Amino acid sequence: MRNLSFKGIKWDKKYFIAALIVLLCSIICGIVLYITIDVHVYFINFAEDYVYYVFGFQNTSIIFSHLLSDLFYFYIFFLISYFTKFKYLTLIFIFIRGIYFAVYASILFTVISFGGITVAVLVFIPISLLSLIFSCMICDCCRSVNKKYVFLIPAALALINMLILLLLINVLFRVVIVIV
C-alpha cells in the first residue's frame with residue numbers, strides 16, 4: 001500500500017493556480033471563438049454523433065475515443081513532467097484541451113438544444129473536467145511514485161476516467177432519462 005500512497009507528495013500550489021488560470025482563459029477563448037467564427041461542420045457532426053451515442057447508449061465509440069485521447073494526453077503530461085523539469089510546458093496542452101472543451105460544450109449547448117444541454121451537463125463537462133484534473137495530478141505525482149509503477153499511472157488514470165464515463169452514461173444518464 002505504500003507504493004501508491006499520496007502522503008509524500010508535495011502539491012505544487014503555484015502549478016494548480018496557473019493551470020486553473022490557463023483553463024479559464026482557454027474556456028473564454030473557446031467561447032469567443034465559437035461566437036465569432038463559423039464552426040466547421042465536422043465539429044457539429046461530432047457533437048451530434050456524441051449526443052446520438054449517449055442517448056442511444058452505444059458506448060463503444062464514445063469510450064474508445066475518450067480512452068485514446070486520455071491515454072495520449074496523459075502520457076504527454078507524464079513524459080514532459082517526468083523526464084524534464086519544465087512541467088509548466090504542460091500548460092500549453094491544458095490551453096489546447098480547454099479550447100476544444102469550450103467549443104464542443106458551446107456546440108452542445110447551442111446547436112443541439114435540450115438534448116445537447118442534457119448530455120453536456122451530465123456527461124461531457126464532468127468527464128472533461130475530471131480528465132483535466134487527472135492531467136494536473138500526473139504532473140505532480142509522477143516523481144513520487146515507485147519507479148516500478150510510474151509508467152502505469154497514466155494508463156491507470158485513463159482507465160479510471162473511462163470507468164467513470166461508463167458510470168455517467170449507463171447509470172446517471174439512464175436514471176435521468178427514466179425520471180424524465
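Q: At its relative accessibility, does I169 count as buried or exposed?
A: In this predicted model, local features need pLDDT of at least 70, side-chain atom pairs count only at pLDDT 80 or more, and totals for chains, interfaces and linings use all residues. Residues are numbered from 1 along each chain as its sequence is written, while side-chain values use heavy atoms, with hydrogens and water left out. Buried means under 20% relative accessible area, exposed over 50%, and partly exposed in between (1.4 Å probe, protein chains only). I169 has 0% relative accessibility and therefore counts as buried.

Q: In which helix is the place of I169?
A: Helices (H or I, at least four residues) and strands (E, at least two) are DSSP runs, numbered from the N terminus. By that numbering, the place of I169 is in helix α6.

Q: Which residues are in contact with I169, leaving aside its neighbours within four places in sequence?
A: Contact means heavy atoms within 4.5 Å. Leaving aside neighbours within four places in sequence, the contacts of I169 are V54, F57, N59, I62, V123 and R174.

Q: What distance does helix α2 reach from its first C-alpha to its last?
A: Helix α2 covers residues 41-55, which makes 15 residues. The expected span of a helix is 1.5 Å times one less than its number of residues. The reach of α2 is close to that expectation, at 21 Å.

Q: Within what arc do the buried residues of α2 fall, seen down the axis?
A: The buried residues in α2 are A47, Y50, V51 and V54. The arc is that of the directions from the helix axis to the C-beta atoms. These residues line one face of α2, because seen down its axis they fall within an arc of 95°.

Q: Which exposed residues are carried by the face of α2 turned away from its buried side?
A: The buried residues of α2 pack against α3 (59-83), α4 (90-110), α5 (113-141) and α6 (153-179). Turned away from that buried side is a face whose exposed residues are Y42 and Y52.

Q: What is the relative accessibility of S113?
A: S113 is found in helix α5. Although S113 is not a glycine, it has a positive phi of about 55°. S113 counts as partly exposed, its relative accessibility being 43%.

Q: Which element gives the largest share of the lining of the largest cavity?
A: On a 1 Å grid over the protein atoms alone, a cavity is a set of points where a 1.4 Å probe fits but cannot get out, a pocket is an open set with protein on both sides within 12 Å along at least five of seven lines, and lining residues have an atom within 4 Å of a point. The structure holds one cavity of 30 Å³ or more. The lining of the largest cavity consists of F46, A47, Y50, Y104, L108 and F124, and the elements that give two or more residues to it are α2 and α4. The largest share, three residues, comes from α2.

Q: How many residues in the lining of the largest cavity are nonpolar?
A: Ala, Val, Leu, Ile, Met, Phe, Trp, Tyr, Cys and Pro count as nonpolar, Asp, Glu, Lys and Arg as charged, and the others, Gly among them, as polar. In the lining of the largest cavity no residue is polar and none is charged, while the nonpolar residues number six.

Q: How much space lies in the largest pocket?
A: Its lining has 18 residues, of which H66, S69, Y100, Y104 and F124 lie nearest the centre of the pocket. By class, this lining has ten nonpolar, six polar and two charged residues. Grid points are joined across faces, edges and corners, and a volume is the space filled by probe spheres set on the points. The space in the largest pocket is about 430 Å³.

Q: Which residues are in contact with H66, leaving aside its neighbours within four places in sequence?
A: The place of H66 is in helix α3. H66 is buried, with a relative accessible area of 14%. Its contacts, leaving aside neighbours within four places in sequence, are Y50, I127 and L165.
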